[in-house]
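Please look over the structure below before reading on. The text then goes through some of its parts in turn.

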Amino acid sequence: MTDDRITFHYAPQTRAFGTRVLLEELGVPYDLHVMDTRAGDQLKPDYLAVNPMGKVPAISHRGSVVTEQAAVALYLGDLFPETGLAPALDDPRRGSYLRWMVFYGSSFEPALVDHAMKRPPLPRSTAPYADYETVVATVNEQVRRAAPFWLGERFTVADVLWGSALFWVTNFGIFEKTPEVAAYIERVISRPAFRKAQADEAALIAARDAAA
Ligand SMILES: N[C@@H](CCC(=O)N[C@@H](CS)C(=O)NCC(=O)O)C(=O)O
């Protein structure tokens, strides 16, 4: 028999926060497996058996493991079609949806990290994302188009990924917080799901620090 409960492998103050926001947006039950990355929980054999990268987020569901935040988000959105948060296969927004979800992990993050670490730019033909400037300009153009949300009128899983990510990268000072970017972030983080995930994470950190 397969296990229909979702186990969410999570650690505070990490990329797993966006998954937590998504689970709140979906309003579905899940079991939280909390790890402390500062204590190295993610590198212990039990968790390396789940994700050999020792990274969060990940989920275990029906005997399978899903890692990589964009894949986790795509999986959860499709698992709960009744929430309307993931454009369905026959939705005209589906192509754009997949494009932006995958672009996040395969182009945006690598471009930002390479740039923040001051790595010498790769030749355009070798870099998986062409060049940093084009990535930034393309994302800013999409933010300008986000009216009010990433794919148009309706809030989707893409907003959870991009809204949470832009929130962090602007806070870290590695992506410019233009007025349009700030307004888009605000539309995502003012939602009850984001606020609840923030409050839950703050409570968890407070309890952890009090116990230390
Ligand atoms: N490619 C992964 C990256 C996940 C990732 O880097 N997670 C960090 C937290 S933000 C992590 O688990 N760090 C723990 C460690 O490296 O030991 C994804 O998109 O999910």
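What follows describes a predicted model, moving from an annotated span to a helix, a loop residue and a set of charged pairs.

An unreviewed UniProt entry lists residues 90-212 as "domain: GST C-terminal". In the model this span is 67% helix and 0% strand, and its end C-alpha atoms lie 51 Å apart.

Helix α7 covers residues 179-189, and Val181, Tyr184, Ile185, Val188 and Ile189 in it are buried. Viewed down the axis of α7, these buried residues fall within an arc of 125°, so they line one face of the helix. The elements that cover them include α5, α6 and α8.

Glu153 sits in the loop between α5 (132-145) and α6 (157-171). Glu153 counts as exposed because its relative accessible area is 65%, over the cut-off of 50%. Leaving aside residues up to four places away in sequence, Glu153 touches Ala147 and Pro148.

Side chains of opposite charge can pair when their charged atoms come close. The model has 18 salt bridges. One of them joins Arg208 and Asp36, with 3.9 Å from N to O. This pair links distant parts of the chain, 172 residues apart: Arg208 lies in helix α8, and Asp36 in the loop between β2 (31-34) and α2 (45-48). Asp36 is buried, at 15% relative accessibility, and Arg208 is buried as well, at 18%.

Each of these two residues has a further partner. Asp36 also pairs with Arg38, the closest N and O atoms being 3.7 Å apart; Arg38 is exposed, at 57%. Arg208 also forms a salt bridge with Asp209, at 3.3 Å, and Asp209 is partly exposed, at 40%.

How values were computed:
Residues numbered from 1 in each chain as written. Predicted model: local features only at pLDDT ≥ 70, side-chain atom pairs only at ≥ 80, totals over all residues. Heavy atoms only, no water. UniProt positions renumbered as here; feature names shortened; annotations may be inferred. Helix = DSSP H or I, 4+ residues; strand = E, 2+ residues; numbered from the N terminus. Buried < 20%, exposed > 50% of the residue type's maximum accessible area, 1.4 Å probe, protein only. Contact = heavy atoms within 4.5 Å. Arc of directions from axis to C-beta. Salt bridge = Lys/Arg side-chain N within 4 Å of Asp/Glu carboxyl O.
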